[in-house]
Amino acid sequence: MEYVDHDTWPRREVFDHFSACSNPFYSVTYRQDVTALVEHCRASGLSFYLSLVWLSTKALNSVENFRYTVDGGRVALLSERIPSFCDLRPGSELFHIVTLPAGGDMAAFCAAAREKSAAQTVFLDQTSEGASLIYFSCAPWFDLTALTNERDFDRDDAIPRVAWGRYVEENGRKTLGMSLEVNHRFVDGYHIGKFAEELTKRIDSLA
């Protein structure tokens, strides 16, 4: 973690402006093409959901603004964010939340995530909670067009919330609604656009 010098930080005025808002959070949902990822997962036997968690984590960490946080009242830049995702056991209606580092390999992450999820006996391991997370969720039962998240209001909450729904096919391409909820003190639409661009590049590289 590296602390930011507020007086020389290029984003200082934007940060101060949105810090005065009673609710500095906003959501964006856009269409994400996942055609190459679907095909890759079918060929490799990997989980589509866990693979997209991994890819999204890598894409998000590549955009500096998503890694800002507030620590002890000071703005700081995290070296990386860690995925914390909802998972649903087969045959159950009750989900639980699994947290583990993404690591450097998608297949290895999928295997480790499945193993940890299967072994977890609590809804949420509180020892894994912290400001360096990304919250992931998925609603594979319908095509997601918008989303909001529950939260205890904290203006310093900079944890990105990322979610998506069922992918649908049109004209031979598979897309899904990708939703991000962020803190405007740190993240603008430009940065969401950079995330979308990076995620698309990583997905298309699987083709």
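**Close-up 1. Strand E8 and its pairing with E10 and E7 in the predicted model.** E8 and E10 are joined by 4 bridges and run antiparallel. Within this pairing, Ala163 has Ser179 of E10 as its bridge partner. Strand E7 (residues 133-139) also pairs with E8, here in the parallel sense and through 5 bridges. Ser137 is the residue that stands opposite Ala163 of E8 in that pairing. Strands of a sheet pair through backbone hydrogen bonds, and either sense, parallel or antiparallel, can occur. The side chains of Arg161, Ala163 and Gly165 are not treated separately from the backbone here: these residues point one way from E8, while Val162 and Trp164 point the other way. Residues of both groups are buried. Because 5 of the 5 residues of strand E8 (residues 161-165) are buried, the strand is largely enclosed by the rest of the structure.

**Close-up 2. The loop residue Asn171.** Asn171 sits in the loop that lies between strand E9 (168-170) and strand E10 (173-183). Its phi is positive, about 55 degrees, although Asn171 is not a glycine. Most residues other than glycine have a negative phi. The relative accessible area of Asn171 is 75%, so the residue counts as exposed.

**Close-up 3. The open sheet E1-E4-E3.** This sheet has 3 strands with antiparallel pairing, in the order E1-E4-E3. Strand E1 (2-3) and strand E3 (68-71) are the edge strands, each pairing on one side only. Between E1 and strand E4 (residues 74-77) there are 2 bridges, and the two strands run antiparallel. Glu2 has Leu77 in E4 as its bridge partner.

**Close-up 4. The crossing of helices H2 and H3.** The axes of helix H2 (residues 35-44) and H3 come within 10 Å, with a crossing angle of roughly 125 degrees. H2 is therefore oblique to H3. The crossing of H2 past H3 is right-handed. On the H2 side the contact is made by Leu37, Val38 and Cys41, and on the H3 side by Phe48, Ser51, Leu52 and Leu55. The contact of H2 with H3 comprises 6 nonpolar residues, 1 polar residue and no charged residues.

**Close-up 5. The crossing of helices H3 and H4.** Helix H3 (residues 48-61) and helix H4 (residues 106-119) have axes that come within 9 Å and cross at roughly 120 degrees. H3 is therefore oblique to H4. H3 passes H4 in a right-handed crossing. H3 contributes Leu50, Ser51, Val53, Trp54 and Leu55 to the contact, and H4 contributes Met106, Phe109, Cys110, Ala113 and Arg114. By class, the residues of the contact of H3 with H4 are 8 nonpolar, 1 polar and 1 charged.

Close-up 6. With a relative accessible area of 25%, His40 is partly exposed. His40 and Ile203 are 163 residues apart along the chain, and their C-alpha atoms are separated by 9.3 Å.

Key:
Residues are numbered from 1 along each chain as its sequence is written. This is a predicted model: local features need pLDDT of at least 70, side-chain atom pairs count only at pLDDT 80 or more; totals for chains, interfaces and linings use all residues. Side-chain values use heavy atoms; hydrogens and water are left out. Two strands pair if DSSP finds at least two bridges between them. Axes are lines fitted to C-alpha atoms, for helices over the stretch in contact, and angles run from 0 to 180 degrees between N-to-C directions. Angles under 35 degrees count as roughly parallel, over 145 as roughly antiparallel, 65 to 115 as roughly perpendicular and the rest as oblique. A crossing is left-handed if the near helix is turned anticlockwise from the far one by less than a right angle, and right-handed if clockwise. Contact means heavy atoms within 4.5 Å. Ala, Val, Leu, Ile, Met, Phe, Trp, Tyr, Cys and Pro count as nonpolar, Asp, Glu, Lys and Arg as charged, and the others, Gly among them, as polar. Buried means under 20% relative accessible area, exposed over 50%, partly exposed in between (1.4 Å probe, protein chains only).
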